[in-house]
Amino acid sequence: SARALKAHDILTKCDNLRDNVLPELGVRLEDRELGEPAVFKVDDKETLLREKKQRQEEIARKEKEKAEKAAAREKAAREKLEKGKLSPQDMFRTELYSAWDDQGLPTHNAKGAEVTQSQMKKLKKLQAAQEKLHKQYLHHISDLEL
């Protein structure tokens, strides 16, 4: 077969004949299973051209969808890296809190009241997530420097 012989040029020409030349002449060429001969059918030229246009539109739609998904993945990765810039020790150093421990966790809120145990548990969980993001960010930056 042409694939086994790596005859890409002849396959490209055959595809062009099937997809572009024959429909203009009102002829449909249907590929069959490997080893079976192709079937030629006379068909309405307008129908063949409409089907060709639909196939091209579907291919374009899929390519656009693929590009949009890739752009969304890239944007999400950039946003994740951006979030990782902030050190977990500094993430709670805001006007919401007035005192922090040596790990950067707040011990007192802005009014001076001690942070409750349940709040501390949530803050530790947030800090652990930020630690992971920050490590990924540092790893990415070190990779760029190499």
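**Charged pairs and a nearby topic: a loop**

Author: Arg-93 and Asp-90 form a salt bridge, in which the closest N and O atoms are 3.9 Å apart. The term salt bridge denotes a side-chain nitrogen of Lys or Arg within 4 Å of a carboxyl oxygen of Asp or Glu. Side chains of opposite charge can pair when their charged atoms come close.

The model is a predicted one, in which local features need pLDDT of at least 70 and side-chain atom pairs count only at pLDDT 80 or more, while totals for chains, interfaces and linings use all residues. Residues are numbered from 1 along each chain as its sequence is written, and side-chain values use heavy atoms, with hydrogens and water left out.

Both partners of this pair are partly exposed: Arg-93 has a relative accessible area of 43%, and Asp-90 has one of 42%. Here, buried means under 20% relative accessible area, exposed means over 50%, and partly exposed lies in between, with a 1.4 Å probe and protein chains only.

Lys-85 and Glu-82 form another salt bridge, with 3.4 Å between the closest N and O atoms. Lys-85 is partly exposed at 44% relative accessibility, and Glu-82 is likewise partly exposed at 47%.

A further salt bridge joins Lys-41 to Glu-30, again with closest N and O atoms 3.4 Å apart. Lys-41 belongs to strand S2 (residues 39-42) and Glu-30 to strand S1 (residues 27-30), so this pair ties together parts that are 11 residues apart in sequence. Strands (E, at least two residues) and helices (H or I, at least four) are DSSP runs, numbered from the N terminus. Lys-41 is partly exposed, with a relative accessible area of 38%, and Glu-30 is also partly exposed, at 25%.

Charged residues may also be linked in a group: Asp-15, Arg-18, Asp-19 and Asp-31 are connected in a network of salt bridges. Over the whole structure, a search finds 14 salt bridges.

Ser-87 sits in the loop between H2 and S3 and is buried, with a relative accessible area of 16%. The side chains of Ser-87 and Gln-89 are joined by a polar contact of 2.8 Å. A polar contact is a pair of N or O atoms within 3.5 Å; within protein, one must be able to donate a hydrogen and the other to accept it, and residues adjacent in sequence count only if both atoms are side-chain atoms.
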